[in-house]
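Please look at the sequence and the structure shown here before reading on. The paragraphs below then go through some parts in turn.

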Amino acid sequence: MSAADAEAVLADALSAGSLELGEVARLEEVVDRRALGEVCRSFFELFSIPVRVFSSEGALLADAHEEQEICRYVNTLGNGRRACSKLVSEVKGIDPEAGAVTHPCFTGAEYRIVPIVYQGRRLGRFVVGPYMPAERREVPRSLLVLDARLDGEAARAALQEMPRVRAETIQRIGDHLARVLDLILFSGHRAFLTSNMHLASVKESFRELVDKNTQLQQAVDRLRELDRLKSNFLATVSHELRTPLTSIIGYSDMLGSGIGGELTEEQAEFVETIHGKGEHLLALITSLLDMNKLEQGTMRLHREIMPARALIDDLQKTLAPSAAKKGVILVTQVGEGTGTVFVDPVRIKQVLFNLAENALKFTPKGGTVRFTANVTEAASDDDGFGSVLLSVPRRAVEIGVIDSGIGIAPGEHDKIFDAFYQVDGSSTREHGGTGLGLSIAKRIVEAHGGTIRVESEVGKGAAFYLTIPDPDDA
Amino acid sequence: MQLDFKQRELTIKLVYYGPALSGKTTNLQAIHELVSPESRGRLMTLETKDDRTLFFDLLPLTVMAGKGLQIRVKLFTVPGQVIHNATRRLVLQGADGIAFIADSQKSETNANKAAFLNLRQNLTENGLDAAKMPLVIQFNKRDMPEVRSDSEIDEMARKGREPVFKAIALRGQGVIETLVGLFELTWRRLEKDHQLGQKFGVEETQLLADVRAKLGVKRVAREATR
Ligand SMILES: Nc1nc2c(ncn2[C@@H]2O[C@H](COP(=O)(O)OP(=O)(O)OP(=O)(O)O)[C@@H](O)[C@H]2O)c(=O)[nH]1
Ligand SMILES: Nc1ncnc2c1ncn2[C@@H]1O[C@H](COP(=O)(O)OP(=O)(O)OP(=O)(O)O)[C@@H](O)[C@H]1O
Ligand SMILES: [Mg+2]
Ligand SMILES: [Mg+2]
């Protein structure tokens with residue numbers, strides 16, 4: 001049964017009020033036809049009296065009879081046939097309201113018609129007969145005058161075949177059958193209600209589920225909207241902050257360079273502080289904005305193919321001055337056949353700069369920082385079903401930023417990529433920073449379809465590697 | 001409710017609600033035993049599991065009252081177990097009155113409260129006005145140890161606006177009083193909304209007296225709530 005069918009059945013059941021009030025509207029709804037047929041048959045076998053069950057609309061629901069000798073005989077006569085069919089339709093038409101009634105046949109036989117009442121409602125009737133009242137001895141005149149060709153002796157003989165019952169017995173038989181039918185109705189009614197309740201309960205539970213789902217969906221939508229508002233807010237505020245901040249940095253720079261006239265040592269120091277803090281604040285705002293874009297997935301990458309060596313050389317050039325100042329040696333190493341990478345140069349330079357800045361920050365004087373680039377294979381991040389077929393190995397370039405500094409305990413390796421996370425310790429405090437560098441780096445690398453990892457132990461330096469795969473159709 | 005003016009027939013639906021195992025089915029069983037055979041039909045129990053109701057029990061009653069008006073009363077129980085809420089809501093559809101069967105045991109206080117809140121919610125969800133619904137409350141299992149005392153219940157009854165009955169359904173005590181109490185409330189409500197008395201040409205005092213007598217109030221000890 002399809003869902004729509006089930007729904008229709010249910011709507012029927014409910015609208016008829018049969019479920020709501022537990023009523024039976026029609027006999028056919030609840031009664032098991034086969035059980036009804038069997039009861040009638042066994043009744044007939046027991047008493048040899050025919051039984052028929054009718055619905056309240058007059059439809060025949062069960063029938064157990066054999067043609068009586070007298071009926072067969074009467075039906076051989078023209079007038080007999082007509083009288084017989086008239087009588088049968090009369091009997092069928094009787095719908096006793098106030099209790100069982102008896103209806104006579106022109107043969108002298110009788111029919112008993114008993115209403116079927118269930119829970120105070122008339123749902124149909126059953127007809128017992130024809131039978132011959134035991135009290136009747138004579139062949140009635142109504143039979144003798146029926147047809148000119150009627151043979152009195154033959155009719156008498158045929159009538160002898162008919163089951164004879166006393167009025168009081170037929171009443172008892174009727175009552176008994178009514179009780180049996182009531183039981184059949186009761187169990188049929190129970191089965192009917194049970195199956196309807198099953199159906200209705202399942203449907204009701206389903207409706208409830210759909211309701212809850214809708215509510216959840218609305219909650220999710222609301223949260224999404226809030227999230228979007230937060231992002232917009234962040235973007236707007238950052239932008240609004242950046243404009244005046246750029247002015248502050250610009251003017252303090254000009255002041256510091258003496259454009260506005262010579263400064264005293266103290267003034268120069270103040271201006272220097274203003275400039276430094278301004279730069280720091282600008283960097284922080286830029287990072288927050290980047291984070292937000294990355295979270296939103298709205299950071300657009302402008303990827304191009306460029307030599308890996310160019311990236312390494314650029315990095316070396318940018319970092320050389322601060323490395324020299326700190327007394328740290330920079331080394332670059334580009335493996336053979338490294339060739340090109342497919343990246344957004346601005347973003348990847350930002351990543352490499354962050355890593356290199358960290359390396360310098362956490363490597364004491366006299367240490368070494370190496371920048372490397374080599375060809376490798378992109379790690380397949382999918383080891384699920386069918387991955388053999390689905391993820392074909394791809395060429396990738398691995399860029400390393402390796403230092404000989406203080407190192408990172410293995411337990412911290414995952415955490416340092418979280419936003420705002422910094423390893424506890426005096427070295428970190430002494431170096432300041434916000435703890436955003438690595439988390440931004442990780443997101444940018446992942447936006448390239450690449451990975452970033454760290455190898456390090458405390459006191460043994462740290463090595464950060466990022467792997468950038470070639471494009472799919474390479 | 002169903003009206004049939006031609007047949008002079010009124011059918012109403014009364015629902016026995018309450019927490020699991022509070023004695024709803026037992027109430028119907030007791031009513032079936034106490035009401036005279038000509039007024040009651042068969043008690044129908046739809047599917048049970050370890051004697052816990054899964055769908056509902058149904059007991060039809062028929063009483064002739066006030067000048068040949070046939071009053072058919074359908075008593076339903078709901079399944080009390082929390083998980084059968086969808087079924088409970090279905091059975092509640094079209095209810096004309098509710099008997100809330102509470103468990104008197106102190107340990108069941110919270111279960112009673114939760115079931116009552118659930119009733120209120122299901123009424124609302126079925127679009128029925130909880131404030132107008134005829135409701136009586138029965139504190140059942142008065143024979144158990146550790147129950148709320150009579151004076152406590154009387155105190156609560158004074159504060160509340162619903163009629164409160166005490167019962168030991170297992171011994172048939174208090175169940176007919178609860179039923180008759182609910183019937184009276186329900187009749188008055190229907191009377192107010194539909195002017196049944198006038199339409200059927202029956203007089204309320206006479207009708208209620210007839211129903212009380214037919215349901216056999218006299219057959220039960222008056223001090224059932226001993
Ligand atoms: N001692 C005592 N036990 C009772 C009384 N009424 C009911 N019980 C018992 O409490 C148990 C639960 O009764 P039920 O009538 O099946 O409870 P129910 O409210 O229909 O429970 P669900 O169908 O699960 O909602 C049965 O063991 C009853 O015999 C009472 O007045 N006193
Ligand atoms: N090369 C490294 N050697 C030792 N520790 C490191 C190294 N790189 C990162 N860390 C540890 O990881 C933490 C997180 O680094 P991250 O770059 O995210 O933040 P930060 O450098 O502290 O601040 P920011 O980069 O925002 O200025 C650092 O605070 C530091 O504790
Ligand atoms: Mg950093
Ligand atoms: Mg029950």
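Does B:Lys166 count as buried or exposed? B:Lys166 counts as buried because its relative accessibility is 11%; buried means under 20% relative accessible area, exposed over 50%, and partly exposed in between, with a 1.4 Å probe and protein chains only. The model is predicted: local features need pLDDT of at least 70, side-chain atom pairs count only at pLDDT 80 or more, and totals for chains, interfaces and linings use all residues. Residues are numbered from 1 along each chain as its sequence is written, chains are lettered from A and ligands numbered from 1 in the order in which they are written, and side-chain values use heavy atoms, with hydrogens and water left out.

B:Lys166 belongs to strand E10 (residues 164–166) of chain B. Helices (H or I, at least four residues) and strands (E, at least two) are DSSP runs, numbered from the N terminus.

Next comes the metal site. B:Thr25 (OG1) and B:Thr53 (OG1) coordinate the magnesium ion (ligand 4) at 1.9 to 2.1 Å; donors are N, O and S atoms within 2.8 Å of the metal (3.2 Å for Na, K and Ca), and water is not among the atoms, so sites may look incomplete. B:Thr25 is in helix H1 (residues 24–34) of chain B and B:Thr53 in strand E5 (residues 52–53) of chain B, so the pair ties together parts 28 residues apart in sequence. B:Thr53 is buried, at a relative accessible area of 10%.

In chain A, strand E11 (residues 395–403) and strand E13 (residues 462–469) pair in the antiparallel sense over eight bridges; two strands pair if DSSP finds at least two bridges between them. A:Leu466 in E13(A) is the bridge partner of A:Ile399.
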